Amino acid sequence: MTSIKKTFAIKGMHCASCVRILEDALKTVPGVSSATVNLATEKATVDYDPASVTDKHLSSAVSNVGYQALIADEMEHEDAERTRKQKELSQLRTRVVFSLVLGILIVWGSFPGIVNTSPQFMRSFWLQLVLALPVQFWAGWSFYRAAFSSLRHRTANMDTLVALGTTVAFGYSVVVTALPQLVMRAGIEPMAYFDVSTIIIGLILLGRYFEARAKAGTSDAIRKLLGLQAKTARVVRDGREQDIAIDQVIIGDILRVRPGEKIPVDGVVTEGSSAIDESMVTGESIPVDKGPDALVIGSTINKTGSFLFRATKVGSETMLAQIVKLVQEAQGSKAPIQRLADLVSSYFVPVVIMLALATFALWYVLGPQPVLLLAILNTVAVLIIACPCAMGLATPTAIMVGTGIGAQHGILIKDAAALETAHKVRAVVFDKTGTLTEGKPRVTAVIATAGHTEDEVIRIDAIVEQSSSHPISQAIMEEAHKRNAVAPTSAGKFEAIPGNGVRGESDGKVIISGTERFMQVNGVDTAPLRADIDGLLDSGNTITIVALDGIAIGVIGIADTVKPSAHAGIAELKKLGVEVAMITGDHTRVAKAVATQLGIERFFAEVLPEDKASAVAKLQQEGKTVAMIGDGINDAPALAQADVGIAMGTGTDVAIEAADITLVNRDLRTVASAIILSRKTLRTIKLNLFWAFGYNIILIPVAMGVLYPAWGILLNPIFASVAMAASSISVVLNSLLLRKARIS
Amino acid sequence: MTTDQGIVIIIAVLGIAGVYQFFLGKRTKAVRVTGDIDIVVDGGYTPDTIEIPSGKTTTIHFFRKDPSSCLEEVIISEFKIRRALPLSERVDVQITPEMPGAFKFSCGMGMYHGTIIVR
């Protein structure tokens, strides 16, 4: 039984008896061989068998007796994983150097052209056998082990092919060395091929070494994200400031952040203000000013001021933890484009073994003399050149790098399928309010009919609006407060009709407030306000008509400001050849004014929230792959209907259910960046698959000897191993090149 | 055709048929699971086909004994799970399927496969 030691902090200890309770609890976990608890340091040290005990077992043993185990967080786990990988890489490097050094010595004593420069003793087959033996069975043992394990499961992989190929070359050479007369009797000059078996092992191990190093780079993004996490927080408790470990922060704690420090968890500023660099989480490079009531994101950096904030999300609930989870999930998903590679991979190795057998028979029967030698060498070349790894790595490495780059730019991709579909997007539909605009409408005009005043219109409307949380209602309430026109009572029989307006009763009178259509439905004549309504609509205002007991008493104009990044965001999409459309529940004339301002040619206006999905479907019926951009709350059905639903994040919730892609920042240029990222990732995947398939489709027949009859070309097994090692490395390196891609 | 050539052809044909039957003609039997299951990762997955109930959480304890780098990750793409499997360490993966069906899991490079049947 292997045993490992783990030390972790315990929370809640207060006396010596706690030590015994905890030690007993931990020792009862099956697989734990010893447990010691130190009251002074409040730490437990446990020896256990990792095969049967997990952190969860230890943690629940501790919590069952009323304490809390603060066991290694994900970051520490990630560190341990990295240390283990480095150790593996260092062992692999030793095996590479060992086999290549001995292989080169054997090549010196046997390879035509240079053999004459070697001392006589180096040409001895027996010496070469002694040098090749440890390479074959020590450095190359991993191939045998994996091959044997696979055979037990009736499966085969890369290692099976390498073990088979090198064993054939090594076995033949042993026969030549021990029984030269046997091969001479077959008409073959006795020549050993220990150089082939050793160099193949050395080069394939070298390939694995570089591949492992490169592969580590594909998961850099997660490591970098985890590395952002602050380790400590400065909490204000009982009027005193003290530094505590990050995992001890609880919701509601008031925390102090000083200039230059990381914000430890998500929260809301309660006192003070500062500029905060959120680029590591949102991709936005300009620091954002934050004051009281502003949301702050854990792991972002406080630049200038000092402030206090109240923790609202800790642990796995923080925005950073959610981002890490989303990226991990996306990296665990499979892109549809991978299906063919998966299908081929599952049959590949057995088919290559069958082709190798066919190669042997064909060369033995039809080949020139010496038939046995050529049959063996070509069989080895077929086994060695085949590279299923390149096919297996082609898509996932690119998806891992692509989703990682996305996270660094504030683009969170839900799964690989979404990343794949986004490259086909030819039409983008923006929801207007809150997406293209700031979503903070304000009252720009109040017009009253004869016999009423502006303040009266606002005061009467405010009676019904105060019960609604709609942004337009909030804008009207803000205006009412400004004018000191808020009635002390709210409306009775209040009713909000989405996309239309609100109604209620006060002092026995019915108040209706909303769109022109809503007025018509309720039999309110809007003719006296016609000219005013037209003027407001033409200048891009949303209107709310106010009626008292069925008679229009005024109209309120409300406008929302367009986001500063909207112009550039739309221009960039057009540059990509993507059609841009806008969808809104607003009046056609308001929609037209905003669309004209932003250079959007196509818009859908007066669309009720539930009909937005139909508008998206209409575009899809034109044969376009459509992306819908919204806030992910009011427009969830439309996001779900679209081929790619993109939600602009609000607050610190990033896991928006209906969205395929969530944009953490509010910069509309990121939409184009997401499409560029998808296009570049797909280009990389296609290039990888083309290379991986093309490589095997072309070089396996070459290794079988199809070029021999016409041009006399045969593939030396050593060159086959070089090509094989290079093919999987090139696929991983090509994926890593994505990291250099400019997407914004 | 000489005798030895005939023998080589017969052996090759038999070998091809044997390889086909051995690797591609295997049939596996699903192991019925309630609650949790240990899957040993050593040259493949043992057991490689499990049957689990829908709507309930099943914990799979992966334990990798095979040092081959091919098997250092397990991917259950239907459940968006990609987990590193450190050598000789137990890794718990929890899944709660909502729909019946057969879902593949594989190593990071798609060479080794297993199936989760949700009933």
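Which loop of chain B holds B:Pro47? The loop between E3 and strand E4 (49-52) of chain B contains this residue, where helices (H or I, at least four residues) and strands (E, at least two) are DSSP runs numbered from the N terminus.

Before selecting anything further, please note that the model is predicted: local features need pLDDT of at least 70, side-chain atom pairs count only at pLDDT 80 or more, and totals for chains, interfaces and linings use all residues. Residues are numbered from 1 along each chain as its sequence is written, chains are lettered from A and ligands numbered from 1 in the order in which they are written, and side-chain values use heavy atoms, with hydrogens and water left out.

**Stop 1**

Select B:Thr46 and B:Pro47. The peptide bond from B:Thr46 to B:Pro47 is cis, and its omega is near -5°.

**Stop 2: the strands around E6(B)**

Select E6(B) and E7(B) next. These two strands pair in the antiparallel sense over four bridges; strands are said to pair if DSSP finds at least two bridges between them. B:Ile81 in E7(B) stands opposite B:Ile76. The hairpin of E6(B) and E7(B) has four residues between the strands, and B:Lys80 takes a positive phi near 55° there.

B:Ser106 in E9(B) is the bridge partner of B:Ile75.

**Stop 3: the interface of chain B and chain A**

Display both chains. Here 50 residues of chain B are in contact with 53 residues of chain A, contact meaning heavy atoms within 4.5 Å. The two chains bury about 4300 Å² between them, 60% of it on carbon and sulfur atoms. Buried area is the accessible area (1.4 Å probe) that two parts lose on being put together, summed over both. In chain B, the residues that lose the most area to chain A are B:Lys80, B:Met109 and B:Met111, together 17% of what that side buries.

Select A:Arg145 and B:Asp66, whose side chains meet in a salt bridge (3.6 Å, N to O). The rule, a side-chain nitrogen of Lys or Arg within 4 Å of a carboxyl oxygen of Asp or Glu, finds four salt bridges across this interface.

Then colour chain B by secondary structure. Several elements each supply at least two residues of the side that touches chain A, among them helix H1 (3-24), strand E5 (58-64) and strand E8 (90-95) of chain B. The largest share of that side, 13 residues, comes from H1(B).

**Stop 4: the open sheet of chain A**

Select the seven strands of the open sheet in chain A, ordered E14-E26-E25-E24-E15-E22-E23 with mixed pairing. Strand E14 (411-413) and strand E23 (602-604) of chain A stand at the edges, each with a single partner strand, so one side of each is left without a neighbour in the sheet.

Within the sheet, focus on strand E25 (residues 644-648) and strand E26 (residues 661-663) of chain A, which run parallel and are joined by three bridges. A:Ile661 in E26(A) is the bridge partner of A:Ile646.

**Stop 5: two loops of chain A**

Select A:Gln369 and A:Pro370, which are joined by a cis peptide bond with omega about -10°. A:Pro370 lies in the loop between helix H12 (338-366) and helix H13 (371-385) of chain A.

Finally, select A:Arg154, in the loop between helix H5 (141-152) and helix H6 (158-178) of chain A. A:Arg154 has a positive phi of about 55° although it is not a glycine.
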